[in-house]
Protein chains: 2
Amino acid sequence: MPTPDLPNPAHHDIDSMLTRKFGREIANYFSGSPLNRVSFLRTDHSFISSALTHSSTSFLLFNDLAPLSVNTNKLAYVKHEDVSKFIGGNPFEKTEEEIVKGYNSSVTLPLVLFLGLDEEKKGGFEHGIYKGTPYFAVDVTPRGTVEGEARKLVESMKGKGLSFAEGRVFMGLSAPEAAIYAHARSLLDWNARNPFCGGCGQPTISINAGTKRVCPPTDFASLPTPQGGATTVLSEPRQRAACVTRKGISNLSFPRTDPTVIMAVVSHDAKRVLLGRQKRFPPHWYSTLAGFCEPAESVEEAVRREVWEESGVHLGRVVIHSTQPWPYPANLMIGAIGQALPDGEKIHLEYDPELEDAKWFDMEDVREALRVGVSGLDEPAGKGYVEGNLRLPPATAIAHQLLKAVAEGFLDVREASKI
Amino acid sequence: MPTPDLPNPAHHDIDSMLTRKFGREIANYFSGSPLNRVSFLRTDHSFISSALTHSSTSFLLFNDLAPLSVNTNKLAYVKHEDVSKFIGGNPFEKTEEEIVKGYNSSVTLPLVLFLGLDEEKKGGFEHGIYKGTPYFAVDVTPRGTVEGEARKLVESMKGKGLSFAEGRVFMGLSAPEAAIYAHARSLLDWNARNPFCGGCGQPTISINAGTKRVCPPTDFASLPTPQGGATTVLSEPRQRAACVTRKGISNLSFPRTDPTVIMAVVSHDAKRVLLGRQKRFPPHWYSTLAGFCEPAESVEEAVRREVWEESGVHLGRVVIHSTQPWPYPANLMIGAIGQALPDGEKIHLEYDPELEDAKWFDMEDVREALRVGVSGLDEPAGKGYVEGNLRLPPATAIAHQLLKAVAEGFLDVREASKI
């Protein structure tokens, strides 16, 4: 957790001896947030209320998951006065208990998410021992009973020359903005995807400043689901059906993050690298293999399973290198480096036919591609690229960082043998 | 992915040079499954059907998540004939398309989960290029329209002298059985927790041999939810309300795994270790800090955030060590080792008041505790333990493996400086 007095540890090489032993720590794109989430303060009614309404506080707005932006390389922030009417002034004025007791499923409550404090920006906000500039995100997608107000807000932002940046991947931001965007996008998406309880099917409500959803025991709306037809508002709330998530702690109440494995695979002698390609990739463009971690699998097992399923190659040793949050919609990419078993290098594509091709490349070809063949999927290759040679993903992808690590000898047995 | 011809790579020290560079790969408890999940065959109707009904196939039964067992150290397996009546013979006889088209939410379908093939046990099952003993798990919890049949099955098993082992943690199994148990438990639990669609609130159905749930577009039951009252069976299925999960791929259709960070923290000079304790721990019993990974956080960031929130200590370098599936209910524990910044070692418990205590221990005390002070939470300390000294978790916990790694110099800067 970076503080104002200390450099960001992810970028600060505190100990070159460690670096020599383990390689440099990589802060992948979408990680490295400048915000302190102070996660334990989300339930602190008085803290969240005063952070929300402070004059220094920054609000990031999302319309259908597209962030309000100056341009595709810069997010736009607004102030509390700009969103106050839409969010109903201060939705955190009531305690969480009061919010749940007053639950009326026929009324849409805009999602207001507390992101954290930028402790390096001292904008005058102070609450007890905590200081910094508060950041929030608001979902302004026109829907439900706030559809009209949301449209007005969206139009007023467009009137200021700002736009809601479209497109699934938003890769031109500075590293700190990319992390703030990823954080907000993940949580707004999770809230939007989960309006109902998986345990009982009834609608849920957001609490903990946007980071938890609970299944309230009562409802002022007369009908159990909005799909039932015209609802009326009751003077006394009705009891809802029992729900298992109301007893103890349920993981269904908390955001979902899907662990994914992605791996640079080297041959047993570490002289070649296994890469694969999907049909949709441009010609000569390859990447590392990847897949979702399954229930009750270690990351190391998932790496070996996915590599075998997609390429037929059998791995021995697997070492975890670094991780990257990937907010489309909620992946945690866990990057690993694996070494093939001496007699496990033969490629078989007949098991899981997910890849169009999988192939061993000489390490020198990978090094050359990292120098001149790097680009996004829809971009041209770099300067100096010779048509027909290998093309690889850009530096914002963890795949690139893993390949760079093996090209630099992270799992080079020849180098290791000198230790 | 282990095969019959190759040793299990997790236990096979393929390259002692790599071990010298990165330390030995640890296969934590609950990982190291002997089964090949052949995940791509789950949708292969003909494969799953013939695996289910083969005479060599083993079935693991769970009653309310308690596995059928010989004793607390050994699982019991049954044959297809033992469960055939309960599961309706062969539920995979129909294609997935037919199953979804015939969906009737008023009928309970027992959950039948394909676990994989044990390729080292050649029991005679063969299907194309795939050979081995198939493993399935069945949820026999008495519920819904199969309550009576389930009770009969449970009683017949008890009549054979077997029991459904109670208790949340099931830690006496051999390593391969622990992995099979964890795999089955995770997926049965996920299915049981998610009978409704989080996107639209309507009931869902299991497909892909127990590893996916979808929201069918039609229903032969007359009422939208079982909570609505008495339902009738329609001669033509009714259309259900629209659901976003039916368009494209939705992560809500797939099992949920919650990534968790757990970390051994060393002081900047690597001479001391930071440990914490909760109120419920026995006296002198400490463990590593841990917490859930949040949306759009890298593992490295989550480690730094949790350590700061719970103890006030600021970390620099974070290295990921190994991972452990933890099926209560669906955690993936990602074990890391972190080093405090030189001026970040002061302990503060006033931020997130989750721990009763957090304290720096001399490495020598940790080494001594690993020798004689190791036990489960409800067990006595080991032989030779001197009352008042540090106590630590057992070898089945990744916390123990992380502490062992630092005690053996995994992040020892003095050792690293010699490289």
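## Close-up views of a predicted model

**View 1. Chain A comes in two domains.** Chain A splits into domain 1 (33-253) and domain 2 (258-416), with bounds taken from an automatic or database domain assignment. This is a predicted model, so local features need pLDDT of at least 70 and side-chain atom pairs count only at pLDDT 80 or more, while totals for chains, interfaces and linings use all residues. Residues are numbered from 1 along each chain as its sequence is written, chains are lettered from A and ligands numbered from 1 in the order in which they are written, and side-chain values use heavy atoms, with hydrogens and water left out. The C-alpha centres of domain 1 and domain 2 of chain A sit 37 Å apart. The C-alpha trace of chain A spans about 75 × 45 × 40 Å along its principal axes.

**View 2. Where the two domains of chain A touch.** Here 10 residues of domain 1 of chain A are in contact with 5 residues of domain 2 of chain A (contact means heavy atoms within 4.5 Å). Domain 1 and domain 2 of chain A bury about 700 Å² between them, 63% of it on carbon and sulfur atoms; that is the accessible area (1.4 Å probe) that two parts lose on being put together, summed over both. On the side of domain 1 of chain A that touches domain 2, you'll find 5 nonpolar, 1 polar and 4 charged residues.

View 3. In helix 8 (residues 363-372) of chain A, Met363(A), Val366(A), Ala369(A), Leu370(A) and Val372(A) are buried. Buried means under 20% relative accessible area, exposed over 50%, and partly exposed in between (1.4 Å probe, protein chains only). The buried residues of helix 8 of chain A pack against strand 13 (258-266), strand 14 (272-277), strand 18 (357-362) and helix 9 (398-407) of chain A. Over the whole of chain A, 60% of the 419 residues count as buried.

View 4. Glu149(B) and Lys152(B) form a salt bridge, their closest N and O atoms 3.3 Å apart (a salt bridge is a side-chain nitrogen of Lys or Arg within 4 Å of a carboxyl oxygen of Asp or Glu). Glu149(B) and Lys152(B) are 3 residues apart in helix 5 (residues 147-159) of chain B, so about one helical turn separates them. Glu149(B) is partly exposed at 27% relative accessible area, and Lys152(B) is exposed at 52%.

**View 5. Two other salt bridges in chain B.** Asp258(B) pairs with Arg256(B) in a salt bridge, with 2.8 Å between the closest N and O atoms. Asp258(B) is buried, at 5% relative accessible area, and Arg256(B) is buried too, at 8%. Arg371(B) and Glu364(B) also meet in a salt bridge (3.6 Å, N to O). Arg371(B) is exposed at 56%, while Glu364(B) is partly exposed at 43%.

Note on methods:
Ala, Val, Leu, Ile, Met, Phe, Trp, Tyr, Cys and Pro count as nonpolar, Asp, Glu, Lys and Arg as charged, and the others, Gly among them, as polar. Helices (H or I, at least four residues) and strands (E, at least two) are DSSP runs, numbered from the N terminus.
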